[in-house]
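These are my notebook entries on a structure I went through on screen.

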Amino acid sequence: MNYPQLLAVALVAPSLALAQAKPSDPQIAHIVVTANQIDIDAGKLAKSHSKNKEVQAFAQQMITDHSAVNKQAGALAKKLGVKPQDNDTSEALKKGAADNMANLKKLKGAQFDKAYIDHEVTYHEQVLDAIDKVLVPGAQNAELKGLIEKVRPAIQAHLDHAKHVQADLGKRADSGKKK
Amino acid sequence: MKFVPERLEVAAGDRITWTNRDIVPHTVTARAAGIESGELAQGKSWTYVARRKGEIAYICRLHPVMHGRLIVK
């Protein structure tokens with residue numbers, strides 16, 4: 001039984017508490033910006049903390065991609081005159097992110113890499129779920145909806161990439177164990 | 001997130017233009033063939049003239065899960 005993994009999942013599970021059935025467009029815009037910023041911050045932490053090349057490359061990809069998305073989201077909000085509005089979901093996201101960062105900062109080496117990547121897998125799964133169930137169906141403005149739909153393949157690619165790194169880290173851990 | 005089409009046949013001397021229709025930046029990179037587009041932001045294009053016959057396997061340097069193949073005949 002892999003206890004560290006169970007612990008990591010338990011810690012991040014509440015991070016996307018999508019309690020709001022129908023967020024407004026300004027709220028959706030805020031959720032999008034918050035969700036991206038969270039992953040940029042985690043990526044920056046991983047880049048400075050991890051010594052694993054694969055983890056560092058993944059972290060850099062998160063920083064690059066989520067920054068690009070936020071640039072677009074900010075430009076669209078400005079164009080549409082939408083002022084991103086804080087809400088329960090974005091607050092829950094921030095709380096979950098703060099817990100995750102506090103947990104990660106306590107860890108080092110392989111433990112850090114594993115906890116970071118495990119969280120990234122869970123996080124991107126949750127974001128995909130939120131995109132499909134809340135954000136796309138909820139967005140009223142066509143351009144906002146279009147932006148979120150356009151982001152989806154990148155999130156899916158990040159999830160695939162994170163799972164790949166997760167599997168590689170697992171292999172390393174296994175080969176390091178005594179038989 | 002992928003190259004469309006993933007496999008493209010062209011004649012030697014053809015100009016091939018990649019346009020990034022995604023929201024995140026991408027590259028067209030084939031180190032062995034000396035191809036490097038640099039980072040292309042959303043909407044940006046990059047053109048390559050295929051002079052030498054053969055097969056070129058390329059990736060996006062930022063997203064190595066993206067693969068493409070250029071066949072120059």
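Predicted model: local features only at pLDDT ≥ 70, side-chain atom pairs only at ≥ 80, totals over all residues.

Entry on α2(A) and α3(A). The axes of helix α2 (residues 25-49) of chain A and helix α3 (residues 53-80) of chain A cross at roughly 155° and come within 8 Å; axes here are lines fitted to C-alpha atoms, for helices over the stretch in contact, and angles run from 0 to 180 degrees between N-to-C directions. I take helices (H or I, at least four residues) and strands (E, at least two) as DSSP runs, numbered from the N terminus. The crossing of α2(A) past α3(A) is left-handed, that is, the near helix is turned anticlockwise from the far one by less than a right angle, clockwise being right-handed.

I then listed who meets whom, with contact meaning that C-beta atoms, placed from the backbone, lie within 7 Å. On the α2(A) side I noted residues including Ala29(A), Val32(A), Val33(A) and Ile40(A), and on the α3(A) side residues including Val55(A), Ala59(A), Ile63(A) and Ala73(A). By class, this contact of α2(A) with α3(A) has 12 nonpolar, eight polar and three charged residues, where Ala, Val, Leu, Ile, Met, Phe, Trp, Tyr, Cys and Pro count as nonpolar, Asp, Glu, Lys and Arg as charged, and the others, Gly among them, as polar.

Residues are numbered from 1 along each chain as its sequence is written, while chains are lettered from A and ligands numbered from 1 in the order in which they are written.

Entry on α2(A) and α5(A). I found these helices packed at an angle of about 170°, with their axes 12 Å apart, which makes α2(A) roughly antiparallel to α5(A). Their crossing is left-handed. From α2(A) the contact takes Ile28(A), Ile31(A), Ala35(A), Asp39(A), Ala42(A), Ala46(A) and His49(A), and from α5(A) it takes Phe112(A), Tyr116(A), Tyr123(A), Val127(A), Leu135(A) and Gly138(A). I sorted the residues of this contact into 10 nonpolar, two polar and one charged.

Entry on α4(A) and α5(A). Helix α4 (residues 88-105) of chain A packs against helix α5 (residues 109-138) of chain A at an angle of about 160°, the axes being 9 Å apart, and α4(A) is therefore roughly antiparallel to α5(A). I noted a left-handed crossing for α4(A) and α5(A). Asn100(A), Asn103(A) and Leu104(A) of α4(A) make the contact with Phe112(A), Ala115(A), Tyr116(A) and His119(A) of α5(A), and the class count is four nonpolar, three polar and no charged residues.

Entry on the two chains. Chain A has six helices and zero strands, whereas chain B has zero helices and seven strands. I read buried residues as 39% of the 179 residues in chain A and 26% of the 73 residues in chain B, buried meaning 20 or more other C-beta atoms within 10 Å of a residue's own, exposed 12 or fewer, and partly exposed in between, with C-beta atoms placed from the backbone. Among contacts between residues at least 6 apart in sequence, 83% in chain A join residues at least 24 apart. Where chains A and B touch, the contact takes eight residues from chain B and 13 residues from chain A; the chain B side has six nonpolar, one polar and one charged residues.

Entry on chain B. Its C-alpha trace spans about 30 × 20 × 20 Å along its principal axes. I also looked up Val4(B) and Pro5(B), which are joined by a cis peptide bond with omega of about -5°; Pro5(B) sits in the segment before β1 (7-10) of chain B. Ala57(B) lies in strand β6 (residues 54-59) of chain B and counts as exposed because it has 11 C-beta neighbours inside 10 Å. Leaving out residues up to four places away in sequence, I found that Ala57(B) touches Ala30(B), His67(B) and Arg69(B).

How values were computed. Parallel < 35°, antiparallel > 145°, perpendicular 65-115°, else oblique. Contact = placed C-beta atoms within 7 Å.
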